[in-house]
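Trainee: Could you walk me through this one slowly? I'd like to learn the terms as we go.

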Amino acid sequence: MRKRRFSSHLGLLFIIAVVLPSVFLALIAIRAINREEAYIEKRLEGTLLTEAGHVVILVNSELEDILEELKNSAPGLREHDPEDLLYEWNSRSSLVSVPFILSPSHEILWPRLSKALSAEEVSFLDWNREFFANNLKIPVYYNIALAYKDEILNKPAEDTENHKAIQQALSQFEQNEAVRSKVYKQAKEKGQAVLPRTVSPSAGSSKKKEETLLEESIFISESLAFSDIIEQGEFGIIPRLIDDKLTLLFWKREKDGFTVGCVIEEEHFRKRIIGLLPVVYSSVRILTILDEHGLSLITPQEEISRDWQRPFIAREISELLPRWEVAAYLTDPDIISSQANFIANIMWLLIFILIVSISGGGAIVLKVLHSEITLARQKTGFVTNVSHEFKTPLTSIRMFAEMLKERPRIDEKKRGKYLDIMISESERLTHLINNVLDFSRMDQGKKQYSMKKVDIVRFAENLMKNQKIRLKHNGFDVRFTVLPHDAESDIAASRLKSSGSIYIYEGNMPVYMDEEAVGQAILNLISNAEKYSDKFKKIDIEVSRRGDFIFIDIEDRGIGISAQQAKKIFREFYRVDDELTSKVRGTGLGLTITRRIIQDHGGDVHYFPREGGGSTFRIKLPIA
Ligand code: ADP
């Protein structure tokens, strides 16, 4: 009962200390696995956005260089014929496509209508005449995050002038959806137009609404007339989206009120921008720049049809290049899910190994703990049992000794009987003490044997002679049989001849052994046969030889041992714990010692249930 409660405590401990934490760990790991795809996507998005950010910086500084180059190369108009100067400028700088001159009142002085005009010059005049004359306002683009940085940062103007504040405003705008919609709303209220983006990046789109509405651009526009634009500085670039096509106009104000400028040569401009791109193709991504139509500046080599409008990430470049974007595409669109799957598989494997090792280890620890505790309990039981076993013979020895002392004139017959009992009880005590001592010697590996060649039949016969008297006195029917050599087939015959103890000794059965030790082993088995016999008090001892082995079978008609218990009875301190055996005192060491002694002699001891009830213990010893 206690045992069962103890096992269930251990079970509970196992669940609390091992199973629950493992399950908890596994759940955490499973959650992590499920989020893996999002993590990978986020990481990749971050890396590619940084890479695209670098390209944006490069393009912007290239735009500054281009502006600087044009400013420095633009001709001063006073000394020469402007026509020559413009031709020279055009041929010197490959950035110049259609050069132009405006009068202080913004009249187009060049290209002159009187000369034969090229196709570019004709369209230049068509597109810009009204604009230069201030009759047409065009959209001028600027970064909404910078224009509204005070609103974004909620700070007054003087605080927000520095570089740090600009960076803060930009990142707030980029990261905070609420801030974005707030400033877009304000811009629209002021009548500023919000440019739609050319692309809609797919990264993180699973989190957003599936619908791929083009996002709003970071660039908003305000319509300004030419004179308002050029009032803001000495020189600059005006991007013009005419029929959805981008043209860049360079202008520079001369001291005397004239304006010189040019249409920037598209082919050359594009080439310079392309030259800024780092490695376009890597194993993971394709990085490119998209123009105002959302088309890649670089024609991809192997390209399968790709949806350029749907990059993984994209960044807008500059107010001077409205609708242009730096965009990155995944080389393999499935890369995220396949990486996530790979990691998930590894994680599953690790979880599996973790759980198996935790529960396996836990189970082993608990098993060891359980057997240690059982052994400790058995040892405690052993102390109680052995004290009782010692007490019984001691009490009777003392009782008879006192009787002899108190009654010195007791008759001889009684005195003899008392002394016999005292001798027999002290022998029992000696046997018991020997068992305990032997066990501790064996446990420490100190047991020594004095071996000699012994005829086992004579030895067993002598041993039985002393036992028989006592056993018969206790109501036992004892039979000692020696079977003929290799006599399996003759068993029946030999049994027939038997009357009491039969003795068919046909030859030598020598064994190399320690007489005292083997004697003790046999006595242990006989003592058990006696202890565990109930109504049918019958003990058979059979000695036989088969091949190179001697067998000594000790058989009883006692209570027997169940198959379940039979596996354990040779363990140290083990005692069958049931109704029948609980009445019998014992130490749980008899069979342990018996088996060790016999094994030390190169043999073994086995238990067999006896046909018709009872037990058979078989000693097997090698012949000398
Ligand atoms: P013990 O001192 O308890 O007899 P043993 O090691 O000699 O210790 O025996 C171990 C257990 O095996 C005993 O407690 C008993 O239950 C069982 N056993 C041993 N011999 C017999 C037998 N001949 N018949 C039935 N049970 C036996």
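Mentor: Let us begin with a term: helices (H or I, at least four residues) and strands (E, at least two) are DSSP runs, numbered from the N terminus. By that rule the chain has 17 helices and 19 strands. This is a predicted model, in which local features need pLDDT of at least 70 and side-chain atom pairs count only at pLDDT 80 or more, while totals for chains, interfaces and linings use all residues. Residues are numbered from 1 along each chain as its sequence is written, and side-chain values use heavy atoms, with hydrogens and water left out.

Trainee: What is the chain's radius of gyration, and what would a compact globule have?

Mentor: The chain has 54 Å, whereas a compact globule of 624 residues would have a radius near 25 Å; the radius is taken over C-alpha atoms, and the globule rule is 2.2 Å times the number of residues to the power 0.38. Along its principal axes, the C-alpha trace spans about 165 × 55 × 40 Å.

Trainee: And how many of the residues count as buried?

Mentor: Of the 624 residues, 43% count as buried, where buried means under 20% relative accessible area, exposed over 50% and partly exposed in between, with a 1.4 Å probe and protein chains only.

Trainee: Switching topic, how many aromatic pairs are there?

Mentor: The structure holds 15 aromatic pairs. Rings of Phe, Tyr and Trp (its six-membered ring) pair if their centres lie within 6.5 Å, and planes under 30 degrees apart count as stacked, over 60 as edge-to-face and the rest as tilted.

Trainee: Why is the pair of tryptophan 89 and phenylalanine 250 edge-to-face?

Mentor: Their ring planes stand at 65 degrees, with the centres 6.3 Å apart, so the pair is edge-to-face. This pair links distant parts of the chain, since tryptophan 89 is in helix H2 (residues 82–92) and phenylalanine 250 is in strand E7 (residues 245–253), 161 residues apart. Tryptophan 89 counts as buried because its relative accessibility is 0%, and phenylalanine 250 counts as buried because it is also at 0%.

Trainee: What about phenylalanine 173 and tyrosine 184?

Mentor: Those rings have their centres 5.7 Å apart and their planes at 65 degrees, so that pair is edge-to-face. Phenylalanine 173 lies in helix H6 (residues 163–175) and tyrosine 184 in helix H7 (residues 177–189), so the pair ties together parts 11 residues apart in sequence. Both phenylalanine 173 and tyrosine 184 are buried.

Trainee: Which residues do ring pairs link into a cluster?

Mentor: The cluster is made of Phe100, Phe124, Phe131, Phe132 and Phe226, linked by ring pairs.
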